[in-house]
Every structure is written in C-alpha cells, then in structure tokens.
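Student: Please walk me through this model, one question at a time.

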Amino acid sequence: MKVMILENGRATEMNGLKFFIIYLLIVNALGFALMGIDKSKAKRHAYRIPEKVLFAAAILGGSIGSILGMYCFRHKTKHWYFVIGMPLILILQVGGVGYIATHDVVPPVVKKMFGGEGTGGVEDSGDIQEHVDSGTEGAGKEEVEEQVAFIDPDGKTLQERILVPDGFTRTRERKGSLGRFLRNYKMKANGEPVLLFDGREKGYQAGCAAVFTLPIEQEDLQQCADSVMRVYGEYYYEKQQYDKIRFSLGGGFKADFDTWQKGKGIGVSGNSVYWTSAPGHDSSYDSFKKFMRIVFAYSGTMNLETDSVAISEDEIEIGDIFIHGGSPGHVVMVVDTCEKEGEKAFLLAQGYMPAQEFHVLKNPENESNPWYYVNQIRYPLSTPEYTFSKGSLRRPKIKN
C-alpha cells in the first residue's frame, strides 16, 4: 500500500490507504455499471458483455458492486454460478484481506480499516449475503420477461412466434422458397411440450423454444435426419415437385417420390434395395407418407451427410444443416435467418431420438435468445442436446 515514499511514515500509510479506497470505489462502481449495461443489452437483444468480464470485475475487488448490480437490476439472478459465485468471491476477498491484516503484511491503518482482527470483514460479508437472499424473491419475474422477449405467445407461425434481435430484419426469401415455407409453417400453441411419437412428453423440454406442427407418424422412425428429410419432403410435395423428393437409402439406392407415385414400390433383400411394381401407389398424401416411412427406415445421418456439401459459415442459409453422420449421429437444421448491416443470425431446429416433434432450439449461450450469430460461432458448437465439430456445416443437395 506504500505508493509514496515520504520522510513521515504516517503520511506514507495514509496516502496508501487513500489510493486503496479510491481503487475500491472505482472497481465496485465498474462492477455495478457492468451489470446494468449487460441487463440493458439483454433487453435490447444487443451483443452481451461476456460473463468472464463480469466475474473479472468482481475478482479484481468489485464484488460488492457486482452483487448490488445483480439485485438492483435483477440480472443473472437465475444463474446459480452468479448467485453463489459472487458472494463466495466477496467472502474469500474479505477473508484474505483479514488474514493479511492480522499478519502485519499491510500497514496498521489498513488493518484497522478491515476490523483490527478481521471480524469486520466477515460481518460485511453477512450483510451482503442477507441482501442476496432478500433480492431473489422478485428476480423470477424479471428473468421470465427476458426469456419471452423473443417470443410472441400469440404468434401462429414461425416468423410470428420468434421475433428477431433488435435492429435485425429477416433475410429476403423469394416467393415459393423453402424459407417462406418454413417461416409460414404453423407452430403448436406457445408453451406446449415436445411430444414423442407415442404421445408421451419428451423428458427434456428445457432446450425447446417452439414446436412445429410438422406431422409425425406413430412409429419410432422420424428421428433427427428423418425430420430434416420430412421438412424437405413436405415442402416439395406442397409444390408438387415430386422428382425433387429424392433421398439416398442403403447401398446408394436413390428413392424418389416421382417414380413411387407412378406405381412403383421399394423392395429390400439383404443389402440390396430395388424398385418393385406397386400399382396402388399414387400421388396422394397417404401414399407420400408411406414413401417417407420407407425413407426413414432405410436412411439416416450418414446418408444425409453424403448427400450434402460443406459450406462456410458466411454462406449459411435456411435449409442448411449442422450434421455428424454416424450411428448414432445427429443433425440440426437452419430454419430461419436474419441480418443487420452484414451480420447474420439463424435459428436451429431438430428432431431427435426417440422419434419426436420437430422443434426450434434455444441457444445454450443465452437461454433468453434462441438466435445463433454467425460471427459468434465457435467450435465445438453447442446446441441444447448435441455438440458439433468444425466442418459439420453442410448444405443438402436436395436444396438445389
């Protein structure tokens, strides 16, 4: 604490104390301000202050300001590592300063400031903890308000339900495009759970932001890759472009609905897949569903990965996928995009195992905001139930 060397030893100590107090005031004001600024950014859906910066301010001595900011602005109070971590940092700091003071590591006047034998620091810690406990009761409502900022509960379609970040606009999609198809797709009522193929609720619901009304058969077939293929199948079926409904099955066999609806079926013998005669097949929706069930049974992530091409992040469009082919593998689909002055954000959706409804995912990095930002993509890329490695972003050939 001796920042000035004077002949008067007492003056040296007092100048050091003054410097220390000013530093604490500044760093605590900074901790308080950062909480307020980050809360304001959350409300405006702007880029957030990294959590490590908020913790750094507390560790550098601003823990009291950070805690006061948490509960004054009702920010981060639903994150256990803030609720527990911030007071713990304060307690450790007070205990550390008390230890230093009682071991004559700092001038006596600084020791006196922290309570002589260090007890004053512990009492201060208790006061702050009491403030933490009293502040959590009202925090839930504010966190819920943050969470629904991107959700219009009355929205019937994807673009009506999920709102874009502040200053962003949805990318222009031509009439009749897959983008228009997905944006105008009807969603289940807000808050309804993801259901499995047999009508039971999925065990893990926390990663879901909204649920598509995309049909699912009462069989454990329409899983992750199958859901993506179902989206493309439904899109091209609506446009009556039957030749575009084309998927690879085992052994590289190409199954297309145009051939199917002309009276053909698909036979399987061992590793061989082949066309058979099926006069009853036509272009009806029931026939289309039978065709898709065959696709689900004999295709998967490995086939979908083979039938796609790698793209860079700045090329991302609606209909692209993040995929890891394998058994098991996984795939999620880009179902919407928006942009702001060259910046782009996107929504992801998935089916999963066991077969379940297709649903929009939350972003684990910011649970109140389901949008993923292209310029913030870091690998491995985490989604609520799967992590993708670099090179997993691909464009299905069926999209072209």
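Tutor: Helices here are DSSP runs of H or I with at least four residues, strands are E runs of at least two, and both are numbered from the N terminus. This is a predicted model, in which local features need pLDDT of at least 70 and side-chain atom pairs pLDDT 80 or more, while totals for chains, interfaces and linings use all residues. Residues are numbered from 1 along each chain as its sequence is written, and side-chain values use heavy atoms, without hydrogens or water.

Student: What does helix H9 reach from its first C-alpha to its last?

Tutor: H9 covers residues 224-238, which is 15 residues.

Student: Which residue just after H9 takes a positive phi?

Tutor: The phi in question is about 60 degrees. The residue that takes it, just after H9, is Gln-240.

Student: Is Tyr-23 buried, partly exposed or exposed?

Tutor: Tyr-23 is found in helix H1, residues 9-44. Its relative accessible area is 35%, and values between the buried limit and the exposed one (over 50%) count as partly exposed. Tyr-23 is therefore partly exposed.

Student: How much of the protein chain do buried residues make up?

Tutor: The protein chain has 400 residues, with twelve helices and 15 strands. The buried share of those residues is 47%.

Definitions and conventions: Buried < 20%, exposed > 50% of the residue type's maximum accessible area, 1.4 Å probe, protein only. Expected span 1.5 Å × (residues − 1).
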